[in-house]
Amino acid sequence: MLNKEEIEKLLTIEKIKKIAPAADIKKIKELLPYIIEALIESEIVSIPRIAAFLAQVAHETGSFLYSEEIASGAQYENRKDLGNSQKGDGIRFKGRGLIMCTGRANYLQAGKYLGLDLISNPELAATKEYSPRIAGWYWKSRNLNKFADMQSQDGFDKITIGINGGRNGKVDRDKFYKRAKEVLGM
């Protein structure tokens, strides 16, 4: 497992830009220290884990360009599986952050983990300070490191299902994963 200094040497702005060529360098520069902290906090501290994590968040954020879902969130209205039980929950708790945390239940759990009131302040989930930690919380709470440790396409597909519930964006996610493995020397 890598320590903080090793992760800081491994993850440079230039390498993230190679993994996600459409990424905005300014945004990467702002996010990178918070991403590194989230990786450590969530035990995403090996090259296979980091490669899988970066590939997934590169897809989820459209190459680190978006920290909030472009759609309104209305499609999540009344989704009991997301804990959306009150009128307006779909829009209020739409996808935000590096893994697009979605739904009242996830915002509540992430908020408890971070010690934040994300129910009253859901927009905090999209901030550079909290979006990486929420992604890390989500990753760890779903035990996704075990699939990254498999170092296989099957393991990566299981991570996709764990994040997305299906295989949405598989081709794009796989493209980011291939690049991340190459860039990080896997």
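How do the residues of the lining of the largest pocket divide into nonpolar, polar and charged? There are ten nonpolar, eleven polar and six charged residues in that lining; here Ala, Val, Leu, Ile, Met, Phe, Trp, Tyr, Cys and Pro count as nonpolar, Asp, Glu, Lys and Arg as charged, and the others, Gly among them, as polar.

Before we go on, a word about the model. It is predicted, so local features need pLDDT of at least 70 and side-chain atom pairs count only at pLDDT 80 or more, while totals for chains, interfaces and linings use all residues. Residues are numbered from 1 along each chain as its sequence is written, and side-chain values use heavy atoms, with hydrogens and water left out.

Let us stay with the largest pocket, whose volume is about 610 Å³. Of its 27 lining residues, Glu 60, Tyr 76, Met 100, Thr 102 and Asn 164 are the closest to the centre. A pocket here is an open set of points on a 1 Å grid over the protein atoms alone, where a 1.4 Å probe fits and protein lies on both sides within 12 Å along at least five of seven lines; lining residues have an atom within 4 Å of a point. The volume is the space filled by probe spheres set on the points, which are joined across faces, edges and corners.

Three helices each supply at least two residues of this lining: helix 4 (47–60), helix 6 (104–114) and helix 9 (153–164). Helix 9 gives the largest share, three residues. Helices are DSSP runs (H or I, at least four residues), numbered from the N terminus.

The axes of helix 4 and helix 9 come within 11 Å and cross at roughly 45°, which makes helix 4 oblique to helix 9. Axes are lines fitted to C-alpha atoms over the stretch in contact, with angles from 0 to 180 degrees between N-to-C directions; under 35 degrees counts as roughly parallel, over 145 as roughly antiparallel, 65 to 115 as roughly perpendicular and the rest as oblique. On the helix 4 side, Ala 52, Ala 55, Gln 56 and Glu 60 meet Phe 156, Ile 159, Thr 160 and Ile 163 of helix 9, where contact means heavy atoms within 4.5 Å. Five of these residues are nonpolar, two polar and one charged.

Follow helix 9 to its other partner, helix 10 (residues 170–183): their axes come within 11 Å and cross at roughly 125°. That angle makes helix 9 oblique to helix 10. Gln 153, Phe 156, Asp 157, Thr 160, Ile 163 and Asn 164 of helix 9 make the contact with Lys 170, Arg 173, Asp 174 and Tyr 177 of helix 10. This contact divides into three nonpolar, three polar and four charged residues.

Another pair to look at is helix 3 (residues 25–41) and helix 7 (residues 131–141), with axes that come within 8 Å and cross at roughly 25°. These two helices are therefore roughly parallel to each other. Leu 31, Tyr 34, Ile 35, Ala 38 and Glu 41 in helix 3 meet Ser 131, Pro 132, Arg 133 and Lys 140 in helix 7.

Finally, turn to the second largest pocket, with a volume of about 160 Å³. Among the residues that line it are Lys 27, Glu 30, Leu 31, Phe 64 and Tyr 66.
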